[in-house]
Structures are given as structure tokens and as C-alpha cells.
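This report describes the fold of one protein chain and the surroundings of selected residues. The sequence and the model are shown first.

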Amino acid sequence: MRFVTPTDSPLLAFDAPYRATGLLIGVDEVGRGSWVGPVVAAAVHLPDNLLQSAPDWLAQLNDSKAVKPALRVQLAELLLSNALTAIAEVSVEEIERLNLHHASLLAARRAVD
């Protein structure tokens with residue numbers, strides 16, 4: 001599998017203006033489908049030098065549910081040591097006060113901040 005950078009793909013060209021400013025951050029959340037517990041979001045900023053000469057492991061970052069657990073741990077370690085990352089959560093009490101949708105947005109905002 002080859003990693004596709006924004007300059008390779010017209011489908012990803014939309015992020016070029018943000019990448020140029022250093023403001024492109026990927027965000028994902030977990031917990032929206034849970035019956036109990038907090039909503040957690042992670043934010044990741046890949047530095048340009050990593051994208052320009054993308055290492056082989058970067059191409060394997062995809063859907064974590066499709067990656068075997070041992071590889072998932074290795075990829076997480078590589079990502080944490082090579083990118084800017086943040087994790088944030090919204091408590092059950094906040095979810096009940098805000099509703100699940102707004103709590104997910106708040107978790108994402110906290111991770112980005």
C-alpha cells in the first residue's frame with residue numbers, strides 16, 4: 001500500500017490551504033455508540049516532513065478496527081513519537097447536560113485546543 005499525500009490526490013486537495021498554514025489536524029472520537037462512559041476524542045497533526053517522505057508504517061494507519069491488535073500498538077507508538085497528538089474526554093455528566101452530539105464536538109474541541 002502506498003501512502004497518498006494531498007499533492008498526489010485531487011480528492012485531498014481541499015486541505016492544501018490548511019496544510020500550508022500548519023493548521024491541518026485530524027480528529028476522531030470514540031464513545032458515541034457506548035451505553036456508558038465518557039466520549040473521548042483524539043487530535044493528530046502530522047508534520048510536513050513526515051508527509052513529504054512518508055515512512056512505510058504511515059501507510060498502515062487506517063481504520064483501527066481493521067488492524068490487528070499487536071500492529072495497532074506499534075502504530076500508536078510510532079504515531080505518538082512522530083506526530084503532535086492530544087486526547088480529551090467529556091464526562092458522563094457533561095454528556096447528560098449537553099447531549100451526545102454536542103459532547104462529541106466538545107471532546108474534539110478540547111483535543112484540538
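## Basis and overall fold

The model is predicted, so local features are given only at pLDDT of at least 70 and side-chain atom pairs only at pLDDT 80 or more, whereas totals for chains, interfaces and linings use all residues. Residues are numbered from 1 along each chain as its sequence is written, and side-chain values use heavy atoms, with hydrogens and water left out.

The protein chain has five helices and three strands. Helices (H or I, at least four residues) and strands (E, at least two) are DSSP runs numbered from the N terminus. Along the sequence, their pattern is α-β-β-α-α-β-α-α. Of the 113 residues, 26% count as buried. Here buried means under 20% relative accessible area, exposed over 50%, and partly exposed in between, with a 1.4 Å probe and protein chains only. Among contacts between residues at least 6 apart in sequence, 51% join residues at least 24 apart; a contact requires heavy atoms within 4.5 Å.

## The sheet

The three strands form an open, antiparallel sheet in the order E1-E2-E3. E1 and E3 are the edge strands, each pairing on one side only. From one strand to the next, the twist averages 15°, with axes taken as lines fitted to C-alpha atoms (for helices over the stretch in contact) and angles running from 0 to 180 degrees between N-to-C directions. Two strands count as paired if DSSP finds at least two bridges between them. E1 and E2 pair over five bridges, and E2 and E3 over seven bridges.

On the side of E3, valine 44 stands opposite threonine 85.

In a regular strand the side chains alternate between the two faces of the sheet.

How far apart are the end C-alpha atoms of helix H5? They are 18 Å apart, in agreement with the 18 Å that the 13 residues of H5 (residues 100-112) should span at 1.5 Å a residue. The expected span is 1.5 Å times one less than the number of residues.

Ala103, Ser104, Ala107, Ala108 and Ala111 are buried in H5. These residues cover an arc of only 140° around the axis, which puts them on the same side of H5; the arc is that of the directions from the helix axis to the C-beta atoms. The cover over the buried residues of H5 includes strands E1 (26-30), E2 (39-45) and E3 (84-90) together with helix H4 (92-98).

Asparagine 99 lies in the loop between H4 and H5 and has a positive phi of about 95° although it is not a glycine. Most residues other than glycine have a negative phi. At the start of H5, a side-chain oxygen of asparagine 99 comes to within 3.0 Å of the backbone nitrogen of histidine 101.

## Individual residues

| Residue | Relative accessible area | Class |
|---|---|---|
| Glutamate 94 | 15% | buried |
| Leucine 79 | 17% | buried |
| Histidine 45 | 18% | buried |
| Asparagine 99 | 35% | partly exposed |

Glutamate 94 belongs to helix H4. Its side chain makes a polar contact of 2.5 Å with the side chain of arginine 110. A polar contact is a pair of N or O atoms within 3.5 Å; within protein, one must be able to donate a hydrogen and the other to accept it, and residues adjacent in sequence count only if both atoms are side-chain atoms. Apart from neighbours within four places in sequence, glutamate 94 is in contact with Asn99, Leu106 and Arg110.

Leucine 79 is located in helix H3 (residues 69-82). With residues up to four places away in sequence not counted, leucine 79 touches Val44, Leu46, Trp57, Leu61 and Thr85. The C-alpha atoms of leucine 79 and leucine 58 are separated by 8.3 Å, with the two residues 21 residues apart along the chain.

Histidine 45 is placed in strand E2. Leaving aside neighbours within four places in sequence, histidine 45 contacts Gly22, Leu24, Ile25, Ala83 and Leu84.
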